[in-house]
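Let us read a structure together, one feature at a time. Look at it first, then follow the dialogue.

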Amino acid sequence: MSESTAPPVSVADHGAIRVITVNRPDKLNALNGATLDALHQAFDAAADEAAVRVIVLTGAGAKAFVAGADIAEMNTLTPVEGRDFSLRGTRMMRRVERMTKPVIAMVNGFALGGGLELAMCCHLRVAADTARLGQPEINLGLIPGFGGTQRLLRLAGRAATLELCLVGAPIDAQRALQLGIVNRVVPAAELEAQTMALAEQLANAAPLALRGMIDCVNIGGECGIEEGLEYESVQFGLVFSTQDMREGTAAFLERRKPAFRGE
Ligand code: COA
């Protein structure tokens, strides 16, 4: 069967929530070069559009979030091309991780290899109870190439990282929850509703405060405690320049719901 010519990534808005969907269901949403680039563009656009407050990232079809980097495309790569493919994916994933609006991975099925790497770049992960996650590259004679060894290490620690990468066997969503790899596990039938409810909650929160916290966590994960604490104090000071901070504290004192405008 020839592959669909539909764009590899689709985008839909639900109010202030942008849903970005990897759209290669007949290849279980495997990440080829074109899909990596389309995702990068989709995240650039979501970053630039003020009306977008939260991003939900998912995969098309009932089976997979993303089943990895595209094995057919990788099969013929030279070492130099392999390195370039890794850099291309790594650049895109860094873009996702460095988004200043919250990004939620809605893990609707297999999140393997590059799929787990992509999910780990998101700020939060909600998984269906049917999802399976892993770094199975060893079965292909490969290693993770989009940051998997590094992000899994920071997310779940050395023992879990070495087990997932060296053994290569996928784990179920409950085990991923125990290891801290996903934030929530929900029944598959409720995945979309529960993820969108979480996204809605974040869409109503103060955007500049969300941004400050994402920045603090991103920076803090990559520097020493002194620098991280200093950075948090600077960000804390900065939110005092926002209207939203005045609104949030006033609303508390006036016993009403705040209305945050991102100002
Ligand atoms: N790259 C390219 N194509 C992939 C893919 C990947 N990572 N994962 C799945 N596909 C393709 C299959 O080749 C198949 O295409 P075809 O119908 O043209 O033959 C299609 O997606 C469906 O996959 P299939 O293997 O038939 O589904 P399954 O339900 O039997 O198995 C998986 C599902 C996820 C267990 C299996 O597809 C798999 O192991 N995929 C590779 C996972 C992996 O190693 N990822 C890391 C890559 S570095």
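**Reading a sheet and a ligand site**

Q: Which residue in β10 does Ala 128 stand opposite?
A: Ala 128 stands opposite Val 186. Keep in mind that this model is predicted.

Q: In what sense do β7 and β10 pair, and over how many bridges?
A: Strands count as paired when at least two bridges link them. Here β7, residues 124-128, runs parallel to β10, with 3 bridges.

Q: In what order do the strands of the sheet lie?
A: Read across the sheet: β1-β2-β3-β5-β7-β10. These 6 strands make an open sheet with mixed pairing.

Q: Why is one side of β1 and of β10 left without a neighbour in the sheet?
A: β1 (9-14) and β10 (184-186) are at the edges, and each has a single partner strand, so one side of each has no neighbour there. From one strand to the next, the twist averages 20 degrees.

Q: How many residues surround the ligand, and which are the closest?
A: A residue counts if one of its heavy atoms is within 4 Å. The ligand has 17 such residues around it, and the closest are Lys 27, Lys 63, Ala 67, Ala 69 and Ile 71. The shell divides into 10 nonpolar, 2 polar and 5 charged residues.

Q: How much of the ligand's accessible area does the protein cover?
A: The ligand on its own has 860 Å² of accessible area, and the protein covers 59% of that. Two elements, α2 (71-74) and β6 (110-112), each give two or more residues to the shell.

Technical notes:
Residues are numbered from 1 along each chain as its sequence is written. This is a predicted model: local features need pLDDT of at least 70, side-chain atom pairs count only at pLDDT 80 or more; totals for chains, interfaces and linings use all residues. Side-chain values use heavy atoms; hydrogens and water are left out. Helices (H or I, at least four residues) and strands (E, at least two) are DSSP runs, numbered from the N terminus. Axes are lines fitted to C-alpha atoms, for helices over the stretch in contact, and angles run from 0 to 180 degrees between N-to-C directions. Accessible areas come from the Shrake-Rupley method with a 1.4 Å probe; for residues, only the protein chains shown count as cover. Ala, Val, Leu, Ile, Met, Phe, Trp, Tyr, Cys and Pro count as nonpolar, Asp, Glu, Lys and Arg as charged, and the others, Gly among them, as polar.
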